[in-house]
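Biologist: Hey, I'm new to this one. Can you walk me through it?

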Amino acid sequence: MTWLRFLLITAILRPAARFMLGADIVGQENLPKSGPAIVAANHNSHVDTLLLLSLFSPRALARVRPVAAADYFLANPAISWFSRNIIGIVPVDRAAAGSGVDVLGGAREALARGDILIIFPEGSRGVASQDMAPLKSGVARLIEACPEAPVTPVWIQGAGRVLPKGAHIPVPLTCCALAGPPIRWQGDRIAFMAELKAGLEALRAEAPPLKWRDTD
Amino acid sequence: MLIDAHSLSLNPAAHMVWGFAAVFAFLIVGTSAAVILPRFKAGEGFADLGKRMVSWWVIIALVAGALVGGWPATSALFAVVSFLALREFLSLAPARQEDRLIIFLIYLTIPISYFFVVINIYMFYLVFIPVYVFLALPFLMACIGQTKGFLTSTATFHWGVMTCVYNIGFIALLMRVPRWDAPQAGAVGLVFLLLVATEGNDVFQYLTGKLFGRHKIVPAVSPKKTWEGFLGGWLLTAAMIVLIGPLFTPLHGVGLWTVALTLPPAGFAGDITFSAIKRDIGVKDTSGFIPGHGGVLDRLDSLTFTSPLYFHLLAYFSLATY
């Protein structure tokens with residue numbers, strides 16, 4: 001199925017993203033070209049994953065795997081097939097977290113195989129105009145197991161307006177992704193998470209302004 | 001002495017061949033400059049020039065291809081251009097959360113407006129956006145029920161639709177002029193002169209500004225623009241229109257001179273007006289869509305002002321169709 005995924009992403013998703021979303025990328029040289037590596041991005045929309053997939057070089061694409069919630073993306077057979085085979089997700093069972101089961105096992109294995117993981121450390125989708133949700137430390141636990149992998153912070157601006165949580169009709173609007181310099185594991189989880197948050201906030205400050213008023 | 005189209009005894013297609021050849025000659029000169037200049041004056045801001053020229057090649061190839069393809073291809077190309085420009089405008093413009101679906105509807109003005117070009121009903125085209133979209137959008141927004149910031153939002157949206165869809169659409173409309181009404185070089189010649197004069201004006205302003213620029217013209221909006229650049233661009237573009245206008249369009253005499261004198265300041269006005277909008281929003285470029293240029297709207301700003309003016313002057317002085 002890898003050829004179908006490659007074809008759909010390069011021949012349909014990429015041109016569509018360019019046309020409908022602009023898909024501007026600042027700091028493309030910071031995106032990993034080979035694995036193991038992690039891309040950690042803010043999360044406001046399903047468009048985030050599609051946008052990120054459209055930004056990788058064709059060579060890196062086969063390795064790129066978004067880490068996604070099993071309860072949501074494996075819920076029905078059609079979405080499950082599409083998520084696993086076309087998007088290429090690594091499922092994480094959110095419900096099992098804290099029960100002693102190693103929920104990050106699949107992601108850790110993928111990293112060990114040399115994959116490029118896309119992770120949204122906020123956990124679930126937030127509101128574009130508000131602050132980021134507190135970052136979950138799963139990404140630190142992953143990088144601890146694979147310390148040679150660089151973690152690239154990516155700020156996605158605008159996707160939260162194209163298709164916010166709860167909306168069904170995507171509206172074409174310009175999105176911009178900003179990739180910052182990769183962060184290396186230094187041996188301390190708290191320091192690592194602080195560095196990741198600072199990296200994301202710094203990119204946010206550089207992003208084109210979102211003139212979107214919350215009226216409620 | 002003005003060049004008289006008839007005395008050259010070229011057939012209309014030959015005028016266009018020479019026109020395109022001249023454009024490509026300028027492209028080659030520009031590309032050579034982009035290759036040579038950075039070697040002499042390193043670090044003088046020529047780094048972007050290479051990217052800029054590559055983008056120019058792509059833009060000109062696309063436009064030339066569409067013009068050769070006739071009105072259907074040109075309409076399709078400019079419908080896409082309208083969409084990209086409108087998308088950039090709506091993405092940057094201050095909007096309210098509730099307007100998301102309205103923004104979706106606003107995009108529908110593009111197929112409808114260009115549909116009137118396809119069925120070639122000028123009167124429908126003329127009133128659809130300025131009158132009926134103008135009235136319908138605020139009504140639909142009222143139905144949504146959010147009244148806070150209502151008037152600001154309606155005005156913002158209408159400004160975007162007028163400039164990006166209505167004004168750009170006149171280019172497609174020009175392509176519907178029949179051969180007998182523009183015997184010099186057909187409808188293609190009409191559009192060709194508009195595009196060459198508008199973009200030429202941008203380039204002439206930039207070059208004369210760079211060479212002789214001393215006195216700032218609107219520093220609060222566009223600090224790099226100078227009186228010398230504005231006047232130099234005006235003079236050179238007007239001269240160009242007077243010289244080549246009769247080869248590509250039925251313009252002559254008062255009509256020709258009116259276009260020559262009004263088009264360059266209109267282009268300048270478009271540039272400055274969009275600069276004010278960008279400054280208000282707090283961005284330098286409307287997006288990064290065209291490498292070396294910025295956004296589609298950054299390239300299109302002067303054209304949104306020159307195309308309706310050019311169309312109406314042409315219609316009044318020289319065309320029987322409109």
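Predicted model: local features only at pLDDT ≥ 70, side-chain atom pairs only at ≥ 80, totals over all residues.

Biologist: How many helices and strands does chain B come to?

Modeller: Chain B has 11 helices and 1 strand. Its radius of gyration is 20 Å, close to the 20 Å the globule rule gives for 322 residues, so chain B is as compact as a globular protein of that length.

Biologist: What does the C-alpha trace of chain B span along its principal axes?

Modeller: About 65 × 50 × 30 Å. Of the 322 residues in chain B, 53% count as buried.

Biologist: And what about the surface of chain B, how much of it belongs to carbon and sulfur atoms?

Modeller: The accessible surface of chain B is about 14,600 Å², and 74% of that belongs to carbon and sulfur atoms.

Biologist: Switching to chain A. Is strand β6 buried or exposed?

Modeller: Buried: 7 of the 7 residues of β6(A), residues 151–157, are buried, so the strand is largely enclosed by the rest of the structure.

Biologist: Which way do the residues of β6(A) point?

Modeller: A:Val151, A:Pro153, A:Trp155 and A:Gln157 point one way, while A:Thr152, A:Val154 and A:Ile156 point the other way. In a regular strand, side chains alternate between the two faces of the sheet.

Biologist: Which strands does β6(A) pair with?

Modeller: Strand β2 of chain A (residues 37–41) pairs with β6(A) in the parallel sense over 4 bridges, with A:Pro153 as the bridge partner of A:Ala40. Strand β7 of chain A (residues 176–179) pairs with β6(A) in the antiparallel sense, over 4 bridges. There, A:Ile156 has A:Ala177 as its bridge partner.

How values were computed: Residues numbered from 1 in each chain as written. Chains lettered and ligands numbered in written order. Heavy atoms only, no water. Helix = DSSP H or I, 4+ residues; strand = E, 2+ residues; numbered from the N terminus. Rg over C-alpha atoms; globule rule 2.2 N^0.38 Å. Buried < 20%, exposed > 50% of the residue type's maximum accessible area, 1.4 Å probe, protein only. Areas by Shrake-Rupley, 256 points an atom, 1.4 Å probe, with all protein chains shown as cover. Pairing = 2+ DSSP bridges.
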